[in-house]
Amino acid sequence: PNLRFNETLNNIGENEGGIDKFSRGYESFGVHRCADGGLYCKEWAPGAEGVFLTGDFNDWNPFSYPYKKLDYGKWELYIPPKRNKSLLVPHGSKLKVVIRSKSGEILYRISPWAKYVTREGDNVNYDWIHWDPEHPYKFKHSKPKKPRGLRIYESHVGISSYEGKIASYKHFTCNVLPRIKDLGYNCIQMMAIMEHAYYASFGYQITSFFAASSRYGTPEELKELVDTAHSMGITVLLDVVHSHASKNSEDGLNMFDGTDSCYFHSGPRGNHDLWDSRLFAYSSWEVLRFLLSNIRWWVEEYGFDGFRFDGVTSMLYHHHGMGQGFSGDYHEYFGLQVDEDALIYLMLANHLIHTLYPDSITVAEDVSGMPALCSPISQGGVGFDYRLAMAIPDKWIQFKVFILESFRQGKNINITSAMYMEFCIINAALVGDKTLAFWLMDAEMYTNMSVLTPFTPVIDRGIQLHKMIRLITHALGGEGYLNFMGNEFGHPEWLDFPRKGNNESYHYARRQFHLTDDDLLRYKFLNNFDRDMNKLEERCGWLSAPQAHVSEKHEANKIIAFERAGLLFIFNFHPSKSYTDYRVGTTCTFKIVLDTDAAEYGGHQRLDHNTDFFSEDFKHNERPYSLLVSKISTLLTV
């Protein structure tokens with residue numbers, strides 16, 4: 001791959017003047033107002049017999065403005081300015097590219113480079129709106145420094161209100177960003193920003209790659225959101241979907257020039273059977289220009305600080321990970337099953353981002369464990385900064401039944417095998433499933449979360465476990481932490497977007513932030529703990545510290561103890577047993593800095609926070625010193 005990467009990069013340099021110029025395709029492709037008031041238009045449609053521009057500006061005459069055919073399937077059009085110097089195509093007017101296919105069919109298409117599309121009323125398809133405001137948003141704040149340890153708040157603008165509707169960029173800016181800042185997260189990862197016609201696709205079936213979703217507001221309002229986050233010191237990542245595209249042709253990339261190829265592979269290779277979507281032809285010169293320019297666009301136009309690349313596992317392999325189990329054996333990663341075209345594209349994307357924007361962050365959503373994915377390209381890697389690992393959240397979900405049954409029946413379980421460490425960002429959420437809190441407490445969350453009622457065993461155990469699971473994942477799991485919005489306070493139920501199967505209901509496509517604002521409900525305890533956990537990490541920096549030294553994982557006692565970043569973490573997962581004068585191996589003297597049993601987190605206040613814990617010259621669990629912890633309460637962390 002490195003040889004091919006260098007060859008491709010050299011070819012871009014020789015033929016396009018370098019990757020800097022190559023990745024500025026959005027400056028010429030699409031529709032642009034010229035300095036003289038005229039209009040310059042350019043498209044790539046290799047399968048077309050003719051290309052035309054139509055819209056409100058010419059009363060929808062389909063053939064009055066034909067494009068001129070260039071080499072390599074490109075087409076261009078220049079429309080001179082009006083004599084009175086008024087705008088030829090005013091801001092907000094509708095446009096369409098008209099394609100005459102080789103079979104003579106006339107097709108109305110949205111430019112792949114369209115910057116704004118919207119759907120009016122009950123219309124099925126989106127309309128291309130010319131976005132050229134007289135006063136575009138001007139950024140006021142500089143970008144924050146690259147965080148040393150990423151604490152990511154994964155966000156979806158549309159579900160960010162407790163009301164049963166699609167929330168707006170403005171709502172998120174005014175109401176959610178202050179919460180994120182207060183909780184101590186230093187990064188947000190924004191889902192479902194790239195335009196997608198089908199809301200229930202969670203934002204993963206992209207129809208217009210250069211357009212910010214209009215269902216939440218205007219491009220200028222998204223810019224204000226990013227700028228406001230920067231003013232709070234928050235880094236903003238975009239969930240970028242270059243692994244596949246929607247099959248829509250009327251308002252998507254599919255069949256743009258009348259053929260099933262163009263941006264995609266022709267035939268079966270161009271279809272993802274599980275996702276029912278189209279797959280890019282990453283070896284195509286113009287596809288590379290389109291995708292690399294798309295990355296550049298979101299940084300330059302909207303100020304994003306990096307990307308989480310979705311569906312990387314699907315990109316890396318011809319089998320797309322379908323029906324595959326990855327054991328870690330090298331033959332699974334190096335062979336003919338690897339899609340080298342996609343691999344080279346990912347290397348080019350990382351090279352572009354890290355060369356032009358050294359402080360930017362790239363995260364790969366890969367569940368296969370591809371070796372060297374997060375190694376520098378110069379060392380033979382793909383160049384990502386992090387991978388988004390699902391091993392730990394998957395393990396917690398596997399454990400959920402065993403955990404619940406063990407606490408209900410007093411059984412012991414092998415909890416100490418839960419931790420699987422990898423250079424990664426740990427995802428503390430599984431979208432579409434029940435929330436972690438709802439798995440732990442289920443229907444009792446509807447009736448027993450009031451502070452005016454006594455703790456029930458289910459609510460008590462659930463609240464304590466929720467804190468412990470988050471903390472041990474945060475501290476032991478990897479080099480970053482990701483939380484999906486709402487899980488910080490134990491959001492009930494699950495996430496489901498409006499669709500035919502639920503009668504287009506928004507009931508589960510919302511975040512009930514009002515629950516944590518109600519002082520009479522116990523959600524506030526979980527929210528408080530999340531905030532203080534993040535702020536302790538900010539102070540001590542365990543995410544950027546070397547991996548933890550686990551000194552004890554005692555199966556019978558259900559005790560896990562480890563040191564990281566100068567902190568000693570002690571977890572008691574036993575459902576019923578507390579311990580006194582418990583010896584733990586260590587190297588230092590400690591004070592309690594975070595306690596899940598504290599009153600402000602809904603705990604039982606069983607520890608004295610004024611106690612100093614002094615280490616002794618007594619070897620224990622392969623540590624040179626040890627200390628006695630006066631009390632380790634059941635379901636307790638120190």
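Throughout these legends, contact means that heavy atoms lie within 4.5 Å. The structure is a predicted model, in which local features need pLDDT of at least 70 and side-chain atom pairs count only at pLDDT 80 or more, while totals for chains, interfaces and linings use all residues. Residues are numbered from 1 along each chain as its sequence is written, and side-chain values use heavy atoms, with hydrogens and water left out.

**View 1. Glu365 in its loop.** Glu365 lies in the loop that runs between strand S18 (361–364) and strand S19 (386–389); helices (H or I, at least four residues) and strands (E, at least two) are DSSP runs, numbered from the N terminus. Neighbours within four places in sequence set aside, Glu365 is in contact with Arg308, Phe309, Asp310, Gly311, Val312, Thr313 and Leu388. Its relative accessibility is 18%, so Glu365 counts as buried, a class that means under 20% relative accessible area, with exposed over 50% and partly exposed in between (1.4 Å probe, protein chains only).

**View 2. Asp310 and the annotated pair.** The "active site" annotation of the unreviewed UniProt entry covers Asp310 and Glu365. Although they are spread over 56 residues of sequence, they cluster in space, with a largest C-alpha distance of 5.4 Å. UniProt positions are given in the numbering used here, feature names are shortened, and annotations may be inferred rather than shown by experiment. Asp310 is found in the loop between strand S17 (306–309) and helix H6 (312–316), and with 8% relative accessibility Asp310 counts as buried. Not counting residues up to four places away in sequence, Asp310 touches Tyr204, Asp239, Val240, Val241, Ser243, Met315 and Glu365.

**View 3. The crossing of helices H1 and H5.** The axes of helix H1 (residues 2–16) and helix H5 (residues 285–302) come within 13 Å and cross at roughly 90 degrees, where axes are lines fitted to C-alpha atoms, for helices over the stretch in contact, and angles run from 0 to 180 degrees between N-to-C directions. H1 and H5 are therefore roughly perpendicular to each other, a term that covers angles of 65 to 115 degrees. Thr8, Asn11, Ile12, Asn15 and Glu16 in H1 meet Trp285, Leu288 and Arg289 in H5.

**View 4. An open sheet of four strands.** The strands of this open sheet follow the order S1-S2-S5-S4, with antiparallel pairing; two strands pair if DSSP finds at least two bridges between them. Strand S2 (residues 39–44) and strand S5 (residues 74–79) run antiparallel and are joined by six bridges, and Lys74 in S5 is the bridge partner of Trp44.

Notes:
Parallel < 35°, antiparallel > 145°, perpendicular 65-115°, else oblique.
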